[in-house]
Amino acid sequence: AGVPVSIYQYASFLMQKLKLSIEERIMLRMLSYADEFCAEEADLLGLQNDDDDGSDFVTQMVDKLYPLPASSASKMFFSFLQLHPIAVDISLELSSEVRNQYMSEGGTVFNPLKWLKNAAGTAIDIDEAPIRLKSLTIEDAYGNTSTLLVPIKKHYLSQILREAYKVLGSLEILGNPVQLVNNLGSGVFDFFYEPAKGLVSSPQDFGRGLARGTTSLLKHTVTGVFGAASKVTGKLAEGIAVLGMDEEFQRQSRMNARRPPRHIGEGLVEGGKSVVMGVFRGVAGIVLDPYHGYRLNGWKGLLKGIGTGVVGVGLKPAAGSIQAASKLLQGIGNTATCCDMTFENDRARHPRYIGQDRVLRPYNPLDAMMAAQLRMHEIQDLSLSKEEKKGETYLKMFCTLNGNLIISDLRILMLSSQHHPSSNSRSRKPPPVVFKLLWEDVKGFEHIANTIVIQSKEHKPKQFKLLNEHEALECKRQLDQMFPILSQRRRGKIGAAVSGAVKKLSINIFESSD
């Protein structure tokens, strides 16, 4: 019997330009979720490590019922086969603190090799490496699947090897020289092309073209040179921050780096904040690191905290100063393009809120918005460790006449309801705080008509009003149920003594940066 042949006169494959961003933080969390899911599935089925879960039998039955045709069973003929060019911009962002969280061996033993490895890992970040693969055209292509794929694989393999240098040239620690060359090349091209284009039409168009070309050359030169310098200094600051061994300081530095200044004015302001933050964190770490270490791991944590506090007192101000230089250079570079029209991708909705029971429920926009606003207002109380702040969980919200009352497992937060932020807008600030209290500072609740009064151990009483007395009674009932559980937090003997001193030291320096 003859082999069937599928004939195609013309076949074309086109893929639009793609931006591929790989974040180690997201990948590790996805792997952690997959491992947790598989472990829970095994527990539900009551399987041991070597037990068969039946997946092999299902695979065999699927192959038997729906067999795939052999590659040699049929052939194809393409009169004209065209694969269009492929453009991919690849970015890679590593995250040492998340890697430590998911791949830690446990314990509080200091590992200097791991410490230096994490610092060096920040230099491997890649910023939009432009990979360009040329098109491929094949005429009168005939054969089975494996035969047709041979020239395609050979073509793309050679193209990828030719473009590999761009990945190395896009390292941020080197200043992304590929992007710098592209910027300078675009400016030089416009400088000659725009006047030549206008010269063909008229002397007036030549003058306009000369102005456009000169402007483009200056714009691309300033953006490229200062942008490259800011990338180098930014990566140096990030590496020094990792050496400081303060994960919260690293996270804040990384979040600040993701918000580039739009012009030189913002660069100066953001740079000043970075210097103040570095000095403040370095000095405060001498007291806070031993305190938080003892609170979490006892005397071993205390000794480790003393070491990290002493190291951080010099490294954190240095990291803040270098990051300030990076912000200033970035602001100068972005000044040339601050008036250009840009399109920013905004979130369509807030991230889904998942409660303490970890059950996935239908999306609730109100809970999602309240949980997002809770994350916008970080806890500035220095008596809480970074682990406690990171583990804060949203529990409940109440709509009051004074604003939105948000309840978490660590604090009570009243936010103004007159402010309506978008799901992701850089230019808008989070809703202002009406009042805030940690649960450990709450003394009790009182109810007067439709008013709830929160008695505090260290501050003046806070009060808010609800729509009617019935809602006030229900609110007080739920708060009374939470109070015995959430207001008790064990500190230990030393922790209780140090907490008062720490709170006095906790000047709200961060609110001035909002």
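Visitor: What is I407 in contact with, once its neighbours within four places in sequence are left aside?

Guide: In this predicted model, the partners of I407 are Y394, L395, K396, F398, I412, W439, L479 and M482. Each counts as a contact because heavy atoms of the pair lie within 4.5 Å.

Visitor: Which residues touch the most other members of the largest nonpolar core?

Guide: I407 is one of them, together with L405, I412, W439, I454, F464 and L479. The core has 19 residues. At least two residues come from each of β9, β10, β11, β12, β13 and α12, and α12 gives the largest share, five residues.

Visitor: What makes such a set a nonpolar core?

Guide: Its members must be buried, belong to a list of nonpolar residue types, and be joined through side-chain atoms within 4.5 Å. In soluble globular proteins, nonpolar side chains tend to be buried together.

Visitor: Which residues does the second, separate core include?

Guide: Among its 14 residues are F78, L81, I86 and I152.

Visitor: Why does S408 count as buried?

Guide: The cut-off is under 20% relative accessible area. S408 has 0%, so it counts as buried. S408 lies in strand β9. Not counting residues up to four places away in sequence, S408 touches L374, E392, T393, Y394, L395, W439 and L486.

Visitor: What joins the side chains of S408 and E392?

Guide: A polar contact of 2.7 Å joins them. The limit for such a pair of N or O atoms is 3.5 Å, so the distance qualifies.

Visitor: What is the order of the four strands in the open sheet?

Guide: The order is β8-β9-β10-β11, with antiparallel pairing. β8 and β11 are the edge strands, since each pairs on one side only. On average, neighbouring strands are turned by 15° against each other, direction ignored.

Visitor: How many bridges join β10 to β11?

Guide: Five bridges join them, and the two strands run antiparallel. Two strands pair if there are at least two bridges between them, so β10 and β11 meet the criterion. L415 stands opposite V433 in β11.

Visitor: Which helix packs on the sheet, touching β8, β9 and β10?

Guide: That is α10, residues 365-376, whose direction makes about 110° with that of β8. Helix α12 lies across β8 and β9 and runs at about 155° to β8.

Visitor: Why does the span of helix α12 agree with its 18 residues?

Guide: At 1.5 Å a residue, residues 469-486 should span 26 Å; the end C-alpha atoms are 25 Å apart, so the two values agree.

Visitor: What caps the N-terminal end of α12?

Guide: N468 does: one of its side-chain oxygens lies 3.2 Å from the backbone nitrogen of H470.

Visitor: Which residues of α12 are buried, and what do they pack against?

Guide: The buried residues are A472, C475, K476, Q478, L479, M482 and L486. They pack against β8, β9, β12, β13 and β14.

Visitor: How many residues lie between β13 and β14 in their hairpin?

Guide: Five residues lie between them. The strands pair in the antiparallel sense over four bridges, and in β14 the bridge partner of I452 is F464.

Visitor: How many helices and strands does the protein chain have?

Guide: The chain has 13 helices and 14 strands. Of its 514 residues, 36% are buried.

Notes. Residues numbered from 1 in each chain as written. Predicted model: local features only at pLDDT ≥ 70, side-chain atom pairs only at ≥ 80, totals over all residues. Heavy atoms only, no water. Expected span 1.5 Å × (residues − 1). Buried < 20%, exposed > 50% of the residue type's maximum accessible area, 1.4 Å probe, protein only. Polar contact = N/O pair within 3.5 Å; in protein donor to acceptor, adjacent residues only side chain to side chain. Axes fitted to C-alpha atoms, helices over the stretch in contact; angles between N-to-C directions.
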